[in-house]
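Trainee: Could we go through this structure together? I would like to begin with the aromatic side chains.

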Amino acid sequence: MFRRAVYQYYTNVNYRTCEQCLSWHGVIRRRAEAFPQPVDACESSILRISRKDLRLYREKSKQMRLRAQGELRRRELFEEALNLLANQSDEALELFGRASGIDLYIPDIERLAERHGRFLQEHSGVKDRLRTQLLKAYSDKFGWRRYERLPEVMRLQREQAGMDRINELLR
Ligand SMILES: [Zn+2]
């Protein structure tokens with residue numbers, strides 16, 4: 001039988017998304033049953049796509065796959081940076097910069113501050129550079145296309161709340 005629709009797995013990609021959902025994000029299949037049922041906390045869903053829109057969704061799918069891979073890469077870079085911070089601060093800052101170029105999340109900065117709080121108190125030069133770098137990266141990300149969908153007031157509030165938190169964590 002000729003089917004008029006196909007299905008695409010969608011998940012909200014962020015620092016919490018599980019690796020399974022990331023691995024399915026953007027994938028298109030002929031049957032909805034081909035996907036795992038999204039029952040975890042990842043805000044996933046299975047989208048029904050009319051065949052006439054398939055070309056457009058294939059294009060979107062590529063972007064979504066890249067985004068999911070980027071998130072995995074971001075996590076690796078961030079963890080590596082955390083591991084290096086105390087001994088190779090310059091390398092760590094560079095890796096934090098690369099991770100932030102993919103995305104930057106406040107809970108990760110909270111982890112950073114918790115793990116390296118003492119080191120950063122004793123190395124205020126590193127702390128100042130880190131704070132400056134993270135503030136800029138956090139502000140920059142709200143100019144990205146994927147954040148443009150947020151209403152402007154909400155975007156500005158989130159940006160400000162995040163920057164306040166960074167200042168507080170890396171005071
Ligand atoms: Zn998941």
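Predicted model: local features only at pLDDT ≥ 70, side-chain atom pairs only at ≥ 80, totals over all residues.

Trainee: Are Tyr9 and Phe35 buried or exposed?

Mentor: Tyr9 and Phe35 are both buried.

Trainee: How many aromatic pairs are there in the whole structure?

Mentor: A search of the whole structure gives seven aromatic pairs. Among them is the pair of Tyr9 and Phe35, with 5.6 Å from centre to centre and 45° between the planes, a tilted arrangement.

Trainee: Where do Tyr9 and Phe35 lie?

Mentor: Tyr9 belongs to strand β1, residues 5-11, whereas Phe35 is in the loop between β2 (28-29) and β3 (44-50). The two parts are 26 residues apart in sequence, so the pair ties them together.

Trainee: Which residues form an aromatic cluster with Tyr9?

Mentor: Trp24 and Phe35 form one aromatic cluster with Tyr9.

Trainee: Let us move to Tyr15 and Tyr105. Why is that pair tilted?

Mentor: The ring planes of Tyr15 and Tyr105 are at 45°, with the centres 5.2 Å apart.

Trainee: Which parts of the chain does the pair link?

Mentor: The pair links distant parts of the chain, 90 residues apart. Tyr15 is in the loop between β1 and α1 (19-24), and Tyr105 is in the loop between α3 (89-102) and α4 (106-122).

Trainee: And what is the accessibility of Tyr105?

Mentor: Tyr105 has a relative accessibility of 8% and counts as buried. Tyr15, with a relative accessible area of 29%, is partly exposed.

Trainee: Which lysine lies over the face of Tyr105?

Mentor: That is Lys141, at 4.7 Å from the ring centre of Tyr105. Lys60 lies over the face of Tyr57, also with 4.7 Å to the ring centre.

Trainee: A change of topic: in what order do the strands form the sheet?

Mentor: The order is β2-β1-β3, in an open sheet of three strands with antiparallel pairing. Strands β2 and β3 are at the edges, and each pairs on one side only.

Trainee: How many bridges join β1 to β2?

Mentor: Two bridges join these antiparallel strands. Tyr7 has Arg29 in β2 as its bridge partner.

Trainee: Which helix packs on the sheet?

Mentor: Helix α2, residues 54-84, packs on the sheet and touches β1, β2 and β3. The direction of α2 makes about 25° with that of β1.

Methods: Residues numbered from 1 in each chain as written. Heavy atoms only, no water. Phe/Tyr/Trp six-rings, centres within 6.5 Å; stacked < 30°, edge-to-face > 60°. Helix = DSSP H or I, 4+ residues; strand = E, 2+ residues; numbered from the N terminus. Buried < 20%, exposed > 50% of the residue type's maximum accessible area, 1.4 Å probe, protein only. Lys NZ or Arg CZ within 6 Å of the ring centre and 35° of its normal. Pairing = 2+ DSSP bridges. Contact = heavy atoms within 4.5 Å. Axes fitted to C-alpha atoms, helices over the stretch in contact; angles between N-to-C directions.
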